[in-house]
Amino acid sequence: MSENKFLGVLGSIKNFLLRLFTREFLIFLFFLALSGMFWFLLSLNETYEKEIQVKINLTNIPKNVVLTSDSTSTIQVDIQDKGYAILAYLYKKLHPININFDKYGKQTGVGLVQTSELERLVYQQLYSSAHIESIKPDKFEYFYNFGLNKRVPVKLYGKITPKQSYYISKVVFNPDSVDIFASREILDSTKSVNTERLNIKNITDTTIMQVAVQQVKGVKYVPNNIRISIYPDVLTEQTLEIPVQAINMPQGKILRTFPSKVNVTFTVGARLFRKIRPDMFSLVVDYNEIKDSHQDKCNVTLRTVPKDVKDVRLSSSKIDYLIEEQ
């Protein structure tokens with residue numbers, strides 16, 4: 001493009017802008033902005049409704065008091081007021097409400113601030129044109145005692161499922177007990193505390209996690225979180241020969257079984273595989289069941305099984321027998 005053509009284009013743009021921003025157009029923009037400002041001011045003078053959060057702090061707590069609920073809380077205040085006031089509440093935010101422990105605390109271990117008192121304290125920060133439609137929750141309640149506590153064990157609440165061919169060898173809590181601070185009635189009725197609900201599936205490796213204690217109203221837990229260690233193990237199958245024993249035999253009689261040993265097959269974790277011995281099982285034949293029987297075979301009962309084995313099976317539940325006189 002030549003220099004003359006370029007200057008010509010610039011001139012055309014300049015002329016277009018001069019025609020665009022004529023005096024009449026600028027006057028139009030001024031009145032448009034002025035009308036917008038008036039509309040905004042009129043809108044601010046309208047009444048609006050807005051839900052605003054207000055924090056509550058419990059103050060002047062005696063040193064000999066143990067709070068068993070939170071010392072802070074938040075209420076939702078539904079306020080109706082002019083638009084400019086709503087903007088002020090949102091911009092500056094309302095100050096936290098301080099609740100004096102001594103004023104509302106009672107010897108019952110429960111302090112209660114009713115809705116009317118909460119409204120009075122909130123109104124102190126509002127314009128005279130404001131109206132409180134509702135407060136949620138409609139009361140502030142706190143629980144405390146003077147050091148009453150009890151130590152109770154922690155129990156798992158929920159379900160831990162290992163992957164196929166695995167099993168959970170053990171679950172360890174650290175700590176395994178917590179101190180609870182509560183009223184005498186709650187302490188007397190509480191025998192244990194639960195973790196928050198767990199639902200863990202297809203676990204194959206050692207898993208360690210922090211879990212909160214399940215919260216109960218009016219109860220404080222120390223600590224309120226515990227560490228849970230979950231130890232899965234691979235299942236293996238094993239077979240052992242277990243001798244058959246006779247029980248309830250009268251004096252002068254001997255029971256002989258054929259065979260004298262029965263194979264017991266079971267699954268056990270790989271870590272315990274070598275620790276399972278035949279003497280941990282007991283296979284018995286009860287003389288009282290066969291003394292009046294005319295059958296050729298007797299029932300073999302597995303009476304004792306190690307606690308860590310699963311899916312126990314006998315190679316035969318009925319065997320031949322013979323009763324001899326000594």
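Author: Gladly! Let us begin with contacts: among those in the chain between residues at least 6 apart in sequence, 73% join residues at least 24 apart. Please keep in mind that this is a predicted model. The chain has 326 residues, and buried residues make up 31% of them. Its secondary structure comes to seven helices and 23 strands.

Reader: What makes four of those strands an open sheet, and in which order do they stand?

Author: The order is β4-β1-β3-β6, and the pairing is mixed. Strands β4 (97-100) and β6 (131-136) stand at the edges with a single partner strand each, so one side of each is left without a neighbour in the sheet. From one strand to the next, the twist averages 30 degrees.

Reader: How do you know that β1 and β3 pair, and in which sense?

Author: Two strands pair if at least two bridges are found between them. Strand β1 (residues 47-59) and strand β3 (residues 72-82) have eleven bridges, and their sense is antiparallel. For one example of who faces whom, threonine 47 stands opposite lysine 82 in β3.

Reader: What is the order of the open sheet of three strands?

Author: That order is β2-β7-β5, with antiparallel pairing. Strands β2 and β5 (110-113) are called edge strands because each pairs on one side only.

Reader: What makes β2 and β7 count as a pair?

Author: Here the cut-off really matters: at least two bridges are needed, and β2 and β7 have two bridges, in the antiparallel sense. So the pair meets the requirement. Valine 66 has asparagine 145 in β7 as its bridge partner.

Reader: Why is strand β18 called largely enclosed?

Author: A residue is buried if its relative accessible area is under 20%. Seven of the nine residues of β18 (residues 261-269) are buried, so the strand is largely enclosed by the rest of the structure.

Reader: Which strands does β18 pair with?

Author: One is strand β16 (residues 225-247), which pairs with β18 in the antiparallel sense over nine bridges. In that pairing, glutamine 238 stands opposite phenylalanine 266 in β18. Another is strand β22 (residues 310-314), which runs antiparallel to β18 and is joined to it by three bridges. There, threonine 267 stands opposite lysine 310 in β22.

Reader: Why is the aromatic pair of phenylalanine 266 and phenylalanine 281 called tilted?

Author: Rings pair if their centres lie within 6.5 Å, and these two are 5.2 Å apart, centre to centre. Planes under 30 degrees apart count as stacked and over 60 as edge-to-face, with the rest as tilted. The planes of phenylalanine 266 and phenylalanine 281 make 35 degrees, so the pair is tilted. Phenylalanine 266 is in strand β18, and phenylalanine 281 is in the loop between β18 and β19 (282-286), 15 residues apart. Both residues are buried. A search of the whole structure finds seven aromatic pairs. Ring pairs also link Phe101, Phe140, Tyr142, Tyr144 and Phe146 into a cluster.

Reader: How do you know that the charged end of lysine 170 sits over the ring of tyrosine 231?

Author: The charge has to be within 6 Å of the ring centre and within 35 degrees of the ring normal. The charged end of lysine 170 is 5.0 Å from the ring centre of tyrosine 231, and it is listed as sitting over the ring. Arginine 197 lies over the face of tyrosine 157, at 5.3 Å from the ring centre.

Methods. Residues are numbered from 1 along each chain as its sequence is written. This is a predicted model: local features need pLDDT of at least 70, side-chain atom pairs count only at pLDDT 80 or more; totals for chains, interfaces and linings use all residues. Side-chain values use heavy atoms; hydrogens and water are left out. Helices (H or I, at least four residues) and strands (E, at least two) are DSSP runs, numbered from the N terminus. Axes are lines fitted to C-alpha atoms, for helices over the stretch in contact, and angles run from 0 to 180 degrees between N-to-C directions. Buried means under 20% relative accessible area, exposed over 50%, partly exposed in between (1.4 Å probe, protein chains only). Rings of Phe, Tyr and Trp (its six-membered ring) pair if their centres lie within 6.5 Å; planes under 30 degrees apart count as stacked, over 60 as edge-to-face and the rest as tilted. Contact means heavy atoms within 4.5 Å.
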